[in-house]
Amino acid sequence: MAVRIGELLLKEKRISSDQLQDALTYQRQHGGKLGANLVKLGFVRDEEITELLSRQYGVPSIALHQFDIDAAVLKLVPAGTARKYQIVPLSRAGATLTIAMVDPTNVFAMDDIKFMTGYNVEPVVASEAAVLEAIERYYGAAAPAALRGQVIPVASESALEVATKALADMPTVDSADVEVLEDLEEISVEALARQGEEAPVIKLVNVILMSAISKGASDIHVEPYEKEYRVRYRVDGILYTVMTPSLRMRDAITSRIKIMAKLDIAEKRLPQDGRIKIRFADNGLTKDIDFRVSCLPTLFGEKIVMRLLDKAKLMLDMTKLGFEADSLRKLEVQIQKPWGMVLVTGPTGSGKTNTLYSSISRINTPETNIMTAEDPVEFNLQGVNQVQVRESIGLNFAAALRSFLRQDPNIILVGEIRDFETAEIAVKAALTGHLVLSTLHTNDAPSTVNRLMNMGIEPFLVASSLNLICAQRLVRRVCGHCRVPDAVPPPALEQIGFSADDARAMTVFKGSGCDKCNHTGYKGRVGLYEVMEITDELRELVLVGASALELRRKAIEEGMVTLRGSGLQKIKAGVTSIEEVLRETVR
């Protein structure tokens with residue numbers, strides 16, 4: 001706009017070419033806008049620039065000093081926004097807010113104010129000097145007028161004395177004049193829906209979703225705080241901040257996501273869960289991706305987490321998950337058995353669902369009846385009867401399991417064993433001719449046995465039903481494009497578990513960082529697995545109530561590779577780094 005205003009003034013012969021050059025030179029030395037500098041140098045009056053802009057853009061001009069602005073209108077636009085965009089709100093009529101602007105072409109300013117206030121914005125043009133003077137006049141002092149010029153004692157008097165004096169100076173107020181308002185938030189469903197359907201918000205939310213897909217994120221976190229609003233992606237298990245939208249866009253973004261997930265936009269006090277399904281073109285091919293949406297009320301608004309469910313990235317080939325050869329052989333043998341229980345354990349986000357789906361995929365044949373109870377159903381598997389658990393209507397894991405036993409199943413998958421009732425039915429199903437697959441939240445394979453017994457399952461039932469326990473973690477892979485040797489001294493390698501011979505002979509790798517891995521040094525993830533097959537010797541120990549430590553010692557004697565051992569093998573193969581293995585495992 002700076003050069004354009006100079007050209008317009010020159011064209012209308014309001015200034016000479018020499019004056020324009022002088023103003024441009026002054027601008028390079030002192031900064032500021034060209035129009036303001038022309039006024040400062042006395043080449044043109046403010047009113048002339050305002051009149052010119054009004055004609056040029058078809059926007060009415062205004063003499064701000066003649067206006068007395070209502071305090072209620074001023075409250076609609078914070079002082080920071082007024083200074084940032086050099087605007088002053090003038091009046092509100094119905095759903096339209098009129099604002100005075102120095103630059104009536106600034107669409108970003110108008111969009112921001114539209115989001116913030118929920119009103120349509122009508123601009124009028126005013127001179128820069130008049131706008132700055134009005135901002136100082138109406139927004140200048142942060143303190144209330146009653147306190148201007150007063151000196152508030154801090155050190156000389158106690159807080160109680162200061163408060164007492166202040167109360168004594170205050171006018172007497174009749175209690176009948178004071179009304180206590182309930183702290184209730186007024187929610188306008190129409191306003192929320194309108195904000196959520198604004199074109200810029202739709203574009204922004206689409207960018208957030210598509211960018212997460214392109215970056216290979218597994219989760220999107222949209223988080224409101226007191227003075228910040230941020231968007232983070234979880235990529236390869238680590239959260240990265242990717243965007244900090246204006247705090248004023250919080251309600252609009254939240255409403256848009258909730259509209260897409262078919263959630264109640266007026267309900268801000270209770271958690272809600274939903275699902276978004278989007279279809280887009282990827283290299284000429286149509287692709288569908290699901291987002292599992294969770295809204296949680298927090299102190300400063302609703303935090304939204306979206307889990308990306310991309311079926312194309314579901315790894316159903318067990319040989320590519322990261323199992324050591326012997327561990328994979330043990331798992332494949334046990335899931336081929338006609339009955340018994342196979343448990344996969346680990347924290348949330350450790351890939352348990354992927355392992356279970358891969359196992360089901362391996363044994364899914366036309367001759368088998370596979371039933372699953374999941375919360376939620378993450379991916380649809382062909383030929384598998386999947387049931388979504390709904391606690392609110394009484395359809396929990398235990399209720400689903402009971403129904404499954406009347407459905408003539410061969411294989412049953414229970415999303416998670418959470419309580420005694422579910423564990424008891426699962427164990428009995430495993431003992432009566434069904435193969436049961438499930439998950440549990442434990443730190444390693446041996447402690448899973450004790451967890452079942454702590455739930456109330458008798459030792460003889462645990463010993464009889466269990467076939468195999470697989471504990472797992474996910475670690476990041478070293479990027480194959482920027483992988484370089486890492487100079488780690490042999491004593492340090494011995495300290496984390498390598499033998500002296502291995503420590504001297506091996507080469508450790510790390511990622512130096514490149515465009516392919518967003519300069520993190522890591523690209524993709526691989527599993528660490530601790531597979532404990534329940535042998536006859538281990539069954540004997542379970543029957544006599546052996547501790548997890550004793551079970552662990554015996555399993556290692558029988559050849560079990562621990563989580564740390566699995567990690568060491570992957571360090572040795574150059575698949576991951578020492579830092580990743582130390583982060584996820586213990587010796």
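The entries below go from the whole chain to single elements.

**Ground rules.** I worked on a predicted model, where local features need pLDDT of at least 70 and side-chain atom pairs count only at pLDDT 80 or more, while totals for chains, interfaces and linings use all residues. Numbering starts from 1 along each chain as its sequence is written, and side-chain values use heavy atoms, with hydrogens and water left out.

**Whole chain.** I counted elements first. The chain has 24 helices and 18 strands. Helices (H or I, at least four residues) and strands (E, at least two) are DSSP runs, numbered from the N terminus. Of the 587 residues, 45% are buried. Buried means under 20% relative accessible area, exposed over 50%, partly exposed in between, with a 1.4 Å probe and protein chains only. I then checked contacts, meaning heavy atoms within 4.5 Å. Among those between residues at least 6 apart in sequence, 63% join residues at least 24 apart.

In what order do the strands of the open sheet run? I read 12-11-13-14-10-15-18, with mixed pairing. Two strands pair if DSSP finds at least two bridges between them. Strand 12 (385-388) and strand 18 (522-533) are at the edges; each has a single partner strand, so one side of each lacks a neighbour in the sheet. On average, neighbouring strands are turned by 20° against each other, direction ignored. Axes here are lines fitted to C-alpha atoms, for helices over the stretch in contact, and angles run from 0 to 180 degrees between N-to-C directions.

Next I looked at what lies on the sheet. Helix 14 (residues 352-363) packs there and touches strands including strand 10, strand 14 and strand 18. The direction of helix 14 makes about 170° with that of strand 14. Strand 10 (residues 340-345) pairs with strand 14 (residues 435-440) in the parallel sense, over six bridges. Leucine 343 stands opposite serine 438 in strand 14.

**Strand 11.** How many of its residues are buried? I found five of the five, so strand 11 is largely enclosed by the rest of the structure. In a regular strand the side chains alternate between the two faces of the sheet. Here Ile370, Thr372 and Glu374 are buried on one side, Met371 and Ala373 on the other. Strand 11 pairs in the parallel sense with strand 13 over four bridges. Threonine 372 has leucine 413 of strand 13 as its bridge partner. Strand 11 also pairs with strand 12, again parallel and over four bridges. There, glutamate 374 has glutamine 388 as its bridge partner.

**A hairpin.** Strand 7 (residues 272-282) and strand 8 (residues 285-298) run antiparallel, joined by 11 bridges. Arginine 275 is bridged to arginine 292 in strand 8. Two residues lie between the strands of this hairpin, and asparagine 283 in the turn has a positive phi of about 55°.

**Helix 17 on helix 22.** I checked this pair for geometry. Helix 17 (residues 446-455) packs with helix 22 (residues 548-557) at about 145°, axes 8 Å apart. Pro446, Ser447, Val449 and Asn450 of helix 17 meet Ala548, Leu551 and Arg552 of helix 22. I sorted these residues into four nonpolar, two polar and one charged. Ala, Val, Leu, Ile, Met, Phe, Trp, Tyr, Cys and Pro count as nonpolar, Asp, Glu, Lys and Arg as charged, and the others, Gly among them, as polar.

**Helix 23.** Eight of the 10 residues of helix 23 (residues 563-572) are buried, so this helix is largely enclosed by the rest of the structure. Arg564 and Lys570 are among the buried ones. The buried residues pack against strand 15, helix 19 (490-496), strand 17 (508-511), strand 18 and helix 24 (578-584). Just after helix 23, glycine 574 takes a positive phi of about 80°.

**Lysine 330.** Is this lysine buried or exposed? Lysine 330 counts as buried, because its relative accessibility is 8%. The residue lies in helix 13 (residues 325-335). Leaving out residues up to four places away in sequence, lysine 330 touches Leu468, Val531, Glu533, Glu558, Gly559 and Met560.

**Cysteines.** I searched for disulfides, taken as pairs of cysteine sulfur atoms within 2.5 Å. The count is zero. Cysteine 517 is in none; the nearest cysteine sulfur, that of cysteine 514, is 3.8 Å away. Cysteine 517 is buried at 3% relative accessibility, and cysteine 295 is buried at 1%.
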